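Visitor: Hi! Could you walk me through this one while I have it open on my screen?
Guide: Happy to, here it comes.

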Amino acid sequence: MLLRYTFSPLNNTRLSHLCGPTDSHLRAIETALDVRIAHRHEQFKIEGAKAAAQRALEMLQALYEMAAHPIGADTVQLMLSGDGAPDDSGPTLATRRADLKPRSTNQARYLDNIADFDVTFGIGPAGTGKTYLAVAAAVDALQRSSVQRIILTRPAVEAGERLGFLPGDLNQKVDPYLRPLYDALYDLMGFEAVHKAFERHALEIAPLAFMRGRTLNNAFVILDEAQNTTPEQMKMFLTRVGFGSKTVITGDLTQIDLPKAQLSGLVEAERILRRVPGVAFTHLTSADIVRHPLVARIVDAYEADRQASADSTALPPTDASSEDKARSGLPKKRTPSKHPVPIG
């Protein structure tokens, strides 16, 4: 399908911001939607499949409306992710990011569950905003004085590597594991506000092992990377919940770093708590990924390969010949003779 569109009245500044440096925004749209975009001044031509070409035209129109100021590459990538625009049905959160809104129906449901339930599980692949939105909800609750403090925790499990003994004091040892939580806090609160919150003990980041024996009242508690907890750790954490508290557990079941024989606490918790009143489960998918569009394609490719491997493993032998082939490398069984041969 070939679509033609002319932006009028002509505004060279907006057109420059729309196209990006050396037409980088147009190239990003072409790659993500598999279309071709050509333009001469204010006249644009889009060639591709009908749905993709229409989506590309709608994106160009939306970007042109925003083009009074330069448009960042991350804005274009976020618009290409999911439905391409924030979901207005979700709650507005009071953070330093005034533009923070859910960008998909599942993300809006996730935030609604956090607001409505005392314990919420957010399960999905990387890049779906599980941790970021949970931290944003926690910052919002602290700003509105709904809670007195934020507690962020995660299990100290390496991603397939053994790093050995790390130097420094306790904080320096656990900081590498908790760095993603710091990144979200700095983005949502600002560097100075984060350090002031630490000083007045309104903000705490700790490894999961230090949660035992505590009762967490009037707190917003987030357990990140919960797929790497054992069933015993998960039960211990869930029983820390106190009065006036919110608890959010996030995890990705496709990235479990536990030993092969070890059951994930997140898997068991979903099975056991699925029907418990007051506990909500939100499942996010690759359609909710708000990183580079390539991330969603990578996640889908890995999931398709995993499913294909599972299907091939589950298939039984179809006929006797397949069993014979499987036995072809085994030594043949000897049958005892009815007439023993005399010796000597």
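Guide: One term to begin with: a residue is buried under 20% relative accessible area, exposed over 50%, and partly exposed in between, with a 1.4 Å probe and protein chains only. The model is predicted, so local features need pLDDT of at least 70 and side-chain atom pairs count only at pLDDT 80 or more, while totals for chains, interfaces and linings use all residues. Residues are numbered from 1 along each chain as its sequence is written, and side-chain values use heavy atoms, leaving out hydrogens and water.

Visitor: Thanks. What share of the residues is buried?
Guide: Of the 344 residues in the protein, 41% are buried.

Visitor: And how many helices and strands are there?
Guide: There are 12 helices and 9 strands. These are DSSP runs numbered from the N terminus: H or I with at least four residues for helices, E with at least two for strands.

Visitor: Which strands make up the open sheet?
Guide: The open sheet has 6 strands in the order 6-5-7-8-4-9, with parallel pairing. Two strands count as paired if DSSP finds at least two bridges between them.

Visitor: Which ones sit at the edges?
Guide: Strand 6 (203-207) and strand 9 (279-283), each pairing on one side only. From one strand to the next, the twist averages 15°. For such angles, axes are lines fitted to C-alpha atoms, for helices over the stretch in contact, and the angles run from 0 to 180 degrees between N-to-C directions.

Visitor: Switching to rings: how many aromatic pairs turn up?
Guide: A search of the whole structure gives 7 aromatic pairs. Rings of Phe, Tyr and Trp (its six-membered ring) pair if their centres lie within 6.5 Å; planes under 30 degrees apart are stacked, over 60 edge-to-face, and the rest tilted. One of the pairs is Tyr-182 with Phe-198, tilted, at 6.1 Å centre to centre and 35° between the planes. This pair links distant parts of the chain, 16 residues apart: Tyr-182 is in helix 7 (residues 170-189) and Phe-198 in helix 8 (residues 191-199).

Visitor: Is Tyr-182 buried or exposed?
Guide: Tyr-182 is buried, because its relative accessibility is 12%. Phe-198, at 24%, is partly exposed. Tyr-186 and Phe-191 form another tilted pair, 5.2 Å centre to centre with 35° between the planes.

Visitor: Which residues form the aromatic cluster?
Guide: Tyr-5, Phe-7, Phe-44 and Tyr-64. The charged end of Arg-14 sits over the Tyr-64 ring, 5.8 Å from its centre. That wording needs NZ of Lys or CZ of Arg within 6 Å of the ring centre and within 35 degrees of the ring normal.

Visitor: Last topic, the backbone. Which peptide bond is cis?
Guide: The one from Ser-8 to Pro-9, with omega near -5°. Pro-9 lies in the loop between strand 1 (2-6) and helix 1 (12-19). Asn-218, although not a glycine, has a positive phi of about 50°, and Asn-218 is in the loop between strand 6 and strand 7.
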